[in-house]
Amino acid sequence: MTPLQLKLKPERRTLAITWEGGDISLLPASELRRRSRAAQAVRASLDGREASFDNVTVTGIEPIGSYAVRLVFSDGHDRGIYPWQYLREIADSLA
């Protein structure tokens, strides 16, 4: 399940992913930030310290090998690695 293209919309609040087969997923930056699997984010969630990420934007996309991307967010968070399969899971859950 490898994307053919990742494109950040001009407002930086939506990541558009074109998948093999032609499906297109539009993933909000706020949802991607909320679902970060970085240790700090997971710990905050377990501790009940979930924050609102409504105003967060994606400021960078860095490839991680051929299996994932690291997303950098406007709130300074840059530790989340998003494997293709996880991005597809997020997309499917929002459909």
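The model is predicted, so local features need pLDDT of at least 70 and side-chain atom pairs pLDDT 80 or more, while totals for chains, interfaces and linings use all residues. Residues are numbered from 1 along each chain as its sequence is written, and side-chain values use heavy atoms, without hydrogens and water.

**Exercise 1.** Find the order of the strands in the open sheet.

*Solution.* Start with the strands, which are DSSP runs of E with at least two residues, numbered from the N terminus. Two of them pair if DSSP finds at least two bridges between them. The order is β1-β2-β3, with antiparallel pairing. Next, look at the edges: β1 (3-8) and β3 (24-28) each pair on one side only. Finally, count the links from β1 to β2 (residues 14-19): there are 5 bridges. Across the two strands, Leu8 stands opposite Leu15 of β2.

**Exercise 2.** Locate His77 and decide whether His77 is buried or exposed.

*Solution.* Then check the accessibility: His77 counts as buried because its relative accessibility is 6%, where buried means under 20% and exposed over 50%, with partly exposed in between (1.4 Å probe, protein chains only).

**Exercise 3.** Describe the aromatic pair in this structure.

*Solution.* Rings of Phe, Tyr and Trp (its six-membered ring) pair if their centres lie within 6.5 Å, and planes under 30 degrees apart count as stacked. Tyr82 and Tyr86 are 6.2 Å apart centre to centre with 20° between the planes, a stacked pair. Both tyrosines, Tyr82 and Tyr86, are buried.

Technical notes. Rings of Phe, Tyr and Trp (its six-membered ring) pair if their centres lie within 6.5 Å; planes under 30 degrees apart count as stacked, over 60 as edge-to-face and the rest as tilted. Helices (H or I, at least four residues) and strands (E, at least two) are DSSP runs, numbered from the N terminus.
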